[in-house]
Amino acid sequence: MSYQFITSAKLPTRHGEFDIHIFENEEGQEHLMLTVGLPVVNPLLKHEAAPIDAIKQHKSEDHPVPLVRIHSECLTGDAFSSLKCDCGAQLNTAMQAIQAVGCGAILYLRQEGRGIGLTNKIRAYALQDQGHDTLDANLLLGLPADARIYDMCGPMLAHVGVDAVRLITNNPDKVAYLTENGIDVVERVPLVVGVNDTNADYLATKRDRMGHLLDKEFYTAAHLNK
């Protein structure tokens, strides 16, 4: 699948100013990238799914390796500050960290609910209210545990000439995908934030059943009072 760059602009936020870039795939689905300190080096309107070889010539040895976060859309967490997940806290912390180092990007992918969409995500929430974990809730709906894809990441990073990253993630699948597609992950930067009594079991499911690299214990108030 190919991705087309549409437009970009300045985006002032409470964390600082970013450049915001909009991309669209063949099906009209939009994805966006926030960047700091990364000028566009590939202004072509269309990018194929694996463009890394084409940008090697732009790499500079004295250019810092950017701090990058691949973040899938989470309306409930990102916009409404839901305590059922850690997504909003992860997004805000990543934005702060990238501003602090002055060179990086957030790839904000429009794949709500690990790719199952908002309606199914809320249906899964209802099953979680009945005691099912996040993985089983998806499966009970006849949906995959994780339907996310990352094929748009290469074209988005190519747009700003990036082929090596310090990746902010707890998910080894993201590291593996970038590595397999020619992007050098020189460092994995852990991101354990937003832990609370409501989402401790959710995080434990990601750790124990989905392979996320998280601490063995989550020190919530409920845990400490046991």
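Modeller: Let us start with Asp-133 and its contacts: setting aside neighbours within four places in sequence, Asp-133 touches Gln-128, Thr-205 and Arg-209. Please keep in mind that this is a predicted model. To find the residue, look at the loop between helix H4 (118–129) and helix H5 (134–140), where Asp-133 lies.

Now follow Arg-209. Its side chain meets that of Asp-136 in a salt bridge, with 3.1 Å from N to O. This pair links distant parts of the chain, since Arg-209 is in helix H8 and Asp-136 in helix H5, 73 residues apart. Arg-209 is partly exposed, with a relative accessible area of 42%, and Asp-136 is partly exposed too, at 28%. Put together, Asp-133, Asp-136 and Arg-209 are linked in a network of salt bridges. As a general point, side chains of opposite charge can pair when their charged atoms come close.

The structure holds ten salt bridges. One of them joins the side chains of Lys-84 and Asp-129, at 3.6 Å from N to O. Lys-84 lies in the loop between helix H1 (75–79) and H2, and Asp-129 in helix H4, so this pair ties together parts that are 45 residues apart in sequence. Lys-84 is partly exposed, with a relative accessible area of 25%, whereas Asp-129 counts as exposed at 63%. Another salt bridge is formed by the side chains of Glu-112 and Lys-121, 2.6 Å from N to O, and both of these residues are buried.

A search of the whole structure finds one cavity of 30 Å³ or more, and the largest cavity holds about 440 Å³ of space. Its lining is made up of 29 residues, with Cys-87, Arg-114, Arg-148, Tyr-202 and Lys-206 nearest the centre. Strand E5 (67–72), helix H2 (87–101), helix H3 (112–115), H4, H5 and helix H8 (200–210) each supply at least two lining residues. H4 gives the most, with four. By class, the lining has seven nonpolar, twelve polar and ten charged residues.

Notes: Residues numbered from 1 in each chain as written. Predicted model: local features only at pLDDT ≥ 70, side-chain atom pairs only at ≥ 80, totals over all residues. Heavy atoms only, no water. Contact = heavy atoms within 4.5 Å. 1 Å grid on protein atoms, 1.4 Å probe; cavity = no way out; pocket = protein on both sides within 12 Å on 5 of 7 lines; lining within 4 Å. Points joined across faces, edges and corners; volume = space filled by probe spheres on them. Nonpolar A, V, L, I, M, F, W, Y, C, P; charged D, E, K, R; others polar. Salt bridge = Lys/Arg side-chain N within 4 Å of Asp/Glu carboxyl O. Buried < 20%, exposed > 50% of the residue type's maximum accessible area, 1.4 Å probe, protein only.
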